[in-house]
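Here are my notes on this model. Keep the structure open while you read, and check each point against it.

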Amino acid sequence: MLALVLPTAAALAWAPGPALLRSNARTPWPSVCRAPTPHADAERQAPRATSLIPEVLKEMEADPQVGVRPTARERMEERRRRRRALNAIGVPKFARFVEQQTGEALLRKRSITILQVNVGLFCNMACTHCHVESSPRRKEALSAEHVDHILALLAASPECRTLDITGGAPEFHPDFRRLVSGARALGVEVIDRCNLTVLLEPGMEWAAPFLAAERVRVVASLPCYSAENVDKQRGNQVFDRSIRALQKLNALGFGREASGLQLDLVYNPGGAFLPPSQSMLRDAYARELDSHFGVTFNELFTVRCNSLCPWAARSP
Ligand code: SF4
């Protein structure tokens, strides 16, 4: 933001007034005299940056109408006026316009069928693209009471048929098993957003068999089928560990035909570009992972997920 605002302000401050423009038109700058550079002149002329807030507050005090929110009735009347004006020039209603353009009706509110819960930010990795900036340093987590509330909410919401658990690495949460088993007992499908390497962490040996026993759907990140790309994005040894975790899941039946244990992979591009075609990439993943490592899976999803943190990029 600073980079965008400062040059603009500097350029405006330097912009010559009418007198200077006239003088320039007649006489070029004498050779001994340097034309003022925008930068030097801006430094002399630009006022110190100040906040606009005091000025705005003053204006609001002077004019009682500034910043006053319209009543519901006034808003409705304003909408009617705008609609009449748009009708007069033949602009269709937005919903009809979308329908005309896409052949489909606008999205309509329906009942909630999936509840996604982020149980905590602790993670054994610190990926460059992590949009929640999870890492081993993060300690934020849902409390046991929160978990009670989620289970109570699911019990009271018969239309909500899926619980989608994410983190961090959700398996590290002390109440992860209670949450999963509680939801499964209610007949709710559970999705575990798994980073794979967590399954190989010391003390986490229970995780993969537990996921299989509860018939949890595992959605696992694997940003590429090449070790180099995965390690660059997620850290050293992550590819190797991810493959070992996938083999462990396969051995339990995940991603194997007729087992009913779903294992999906997620691809996230490692640079500033959009993912390629999902079906094309799925075929490439299936071929490469099966031929090199004997790994199979069900679906591959492509996403574009990025950290908003400017310091998140991993050093090469
Ligand atoms: S992207 Fe997933 S695995 Fe990577 S740091 Fe974030 S939560 Fe952990």
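1. How many contacts beyond four places in sequence does the model have for residues 309-316? There are 6. The pLDDT stays under 50 over this stretch. Keep in mind that the whole structure is a predicted model.

2. Now the confidence of the whole chain. The pLDDT averages 79 over the protein chain. A score of at least 70 is reached by 74% of the residues. Residues 1-44 are another matter: their pLDDT is below 50. Beyond near neighbours in sequence, that stretch has 16 contacts in the model.

3. Next, the overall make-up. The protein chain holds 12 helices and 6 strands. It has 316 residues, and 22% of them count as buried. Take the contacts between residues at least 6 apart in sequence: 72% of these join residues at least 24 apart.

4. Look at helix α7, residues 144-155. It has 12 residues. From its first C-alpha to its last it reaches 17 Å, close to the 16 Å expected at 1.5 Å a residue.

5. Which residues of α7 are buried? They are Val147, Ile150, Leu151 and Leu154. These four cover an arc of only 95° around the axis, so they sit on the same side of α7. The face turned away from that buried side carries Glu145, His149 and Ala152, which are exposed.

6. What covers the buried residues of α7? The cover includes strand β1 (114-118), strand β2 (162-166) and helix α8 (176-185).

7. Turn to α8. Its buried residues are Phe176, Leu179, Val180, Gly182 and Ala183. Seen down the axis of α8, they fall within an arc of 165°, so they line one face of the helix. Their cover includes α7, β2 and β3 (189-194).

8. Check the backbone just after α8. There, Gly187 takes a positive phi of about 80°.

9. Last, the ligand. The residues around it include four from one part of the chain: Cys123, Met125, Ala126 and Cys127. Cys130 and Ser134 are also on the list.

Conventions. Residues numbered from 1 in each chain as written. Predicted model: local features only at pLDDT ≥ 70, side-chain atom pairs only at ≥ 80, totals over all residues. Helix = DSSP H or I, 4+ residues; strand = E, 2+ residues; numbered from the N terminus. Expected span 1.5 Å × (residues − 1). Buried ≥ 20, exposed ≤ 12 C-beta atoms within 10 Å, placed from the backbone. Arc of directions from axis to C-beta. Contact = placed C-beta atoms within 7 Å. Near = placed C-beta within 6 Å. pLDDT = per-residue confidence, 0-100.
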